[in-house]
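Dear colleague,

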Amino acid sequence: MTLSYDQAVPLLLDAGARLDARGWVAATGGNLSHRLVDGSVAITVSGRHKGDLVADDIMRVDMAGAALDGKKPSAETPLHTGLYRLRPDVNAILHSHPRSSVLFGLAREGEGAVTLTGYEFLKVFPGVYTHEASVTLAVFPNTQNMSALQRQVDAWFAANPQAPAVYLVRGHGLTVGAATVDGARYTTEAIEELLAYELGRGRLQWAP
Ligand SMILES: [Zn+2]
């Protein structure tokens with residue numbers, strides 16, 4: 001559900017601390033956001049450590065990613081607002097740099113998407129009730145040109161409207177959207193775990 005700014009802030013601070021505890025937002029990596037009831041977005045400001053966030057490190061932007069309160073948004077802010085525009089079911093987005101997700105994107109160089117199947121953890125995705133299901137995640141090349149990346153994200157989700165609101169950026173990180181902050185965090189944890197399994201399979205030469 002959408003929240004007020006005052007409701008969203010403590011959830012984002014808590015999510016930052018939890019992601020930091022897992023080592024997934026090293027240095028000033030990652031950004032966290034929540035859709036607000038007035039149609040704007042609460043998001044972490046540029047350049048702060050996500051494990052040390054205080055309320056002043058959260059700002060409001062409009063759906064085009066422009067600051068509404070004079071604070072400096074992260075360069076990755078358009079990737080949050082872009083996903084909110086694309087996916088009305090998404091109210092919270094966590095972008096982090098977990099190790100297996102970063103490595104996996106590099107290991108599958110040249111593939112535009114990866115399909116995961118056979119894992120119990122797949123049941124974290126909406127509408128998945130068995131490990132025998134398969135879930136396809138988009139993998140985009142990294143770039144510093146956020147509008148070019150967002151065009152690719154827009155095109156992929158337009159072509160795959162049923163896909164989970166999740167994607168990898170190669171050698172960079174993982175972006176997860178969900179209805180709630182907790183939902184986005186659980187999905188982040190599950191994907192990082194799934195991709196660690198896939199990397200392990202590759203090392204054991206069980207890769208499909
Ligand atoms: Zn990033």
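A residue is called buried when its relative accessible area is under 20%, exposed when it is over 50%, and partly exposed in between, using a 1.4 Å probe and protein chains only. By that scale Gly51, with a relative accessible area of 25%, is partly exposed. Please keep in mind that this is a predicted model, in which local features need pLDDT of at least 70 and side-chain atom pairs count only at pLDDT 80 or more, while totals for chains, interfaces and linings use all residues. Residues are numbered from 1 along each chain as its sequence is written, and side-chain values use heavy atoms, with hydrogens and water left out.

The chain as a whole

The secondary structure comes to five helices and eight strands, where helices (H or I, at least four residues) and strands (E, at least two) are DSSP runs numbered from the N terminus. Read from the N terminus on, the elements follow the order α-β-β-β-α-β-α-β-β-α-β-β-α. The radius of gyration, taken over C-alpha atoms, is compared with a globule rule of 2.2 Å times the number of residues to the power 0.38; for 208 residues a compact globule would be near 17 Å, and the chain, at 16 Å, agrees with this. The C-alpha trace spans about 50 × 35 × 35 Å along its principal axes, and buried residues make up 49% of the 208 residues. Taking contact to mean heavy atoms within 4.5 Å, 60% of the contacts between residues at least 6 apart in sequence join residues at least 24 apart.

The zinc site

The zinc ion is coordinated by Glu76 through OE and by His95, His97 and His172 through NE2, at 2.0 to 2.6 Å. Donors here are N, O and S atoms within 2.8 Å of the metal (3.2 Å for Na, K and Ca), and water is not among the atoms, so sites may look incomplete. In sequence the donor residues are spaced E-x18-H-x1-H-x74-H. The angles among the four donor atoms run from 74 to 159°, and the site is irregular. Four donors count as tetrahedral if all angles lie between 85 and 135 degrees; four count as square planar and six as octahedral if opposite donors are over 155 degrees apart and all others between 65 and 115, and anything else is irregular.

Two strands are said to pair if DSSP finds at least two bridges between them. Strand 1 and strand 4 run antiparallel and are joined by four bridges, with Asn31 standing opposite His95. Strand 4 also pairs with strand 8 in the antiparallel sense over five bridges, and there Ile93 has Gly177 as its bridge partner.

The nonpolar cores

A nonpolar core is a set of buried Ala, Val, Leu, Ile, Met, Phe, Trp, Tyr and Cys residues joined through side-chain atoms within 4.5 Å. The largest has 37 residues, and those with the most contacts inside it include Leu32, Leu116, Phe125 and Ile191. Among the elements that give two or more residues to this core are helix 1 (5-21), strand 4 (92-96) and helix 5 (181-203), and helix 5 supplies the largest share, six residues. Apart from this core lies another, of 21 residues, among them Val41, Val90, Leu149 and Tyr167.

Ser101 lies in helix 3 (residues 99-107) and is buried, with a relative accessible area of 0%; beyond its neighbours within four places in sequence, its contacts are Leu168, Leu174, Ile191, Glu192 and Leu195. Ala27 sits in the loop between helix 1 and strand 1 (31-35), where it has a positive phi of about 55° although it is not a glycine, and at 57% relative accessibility Ala27 counts as exposed. Gly51, finally, is found in the loop between strand 2 (41-44) and strand 3 (58-61), and, not counting residues up to four places away in sequence, Gly51 touches Gly16, Ala17 and Asp20.

With best regards
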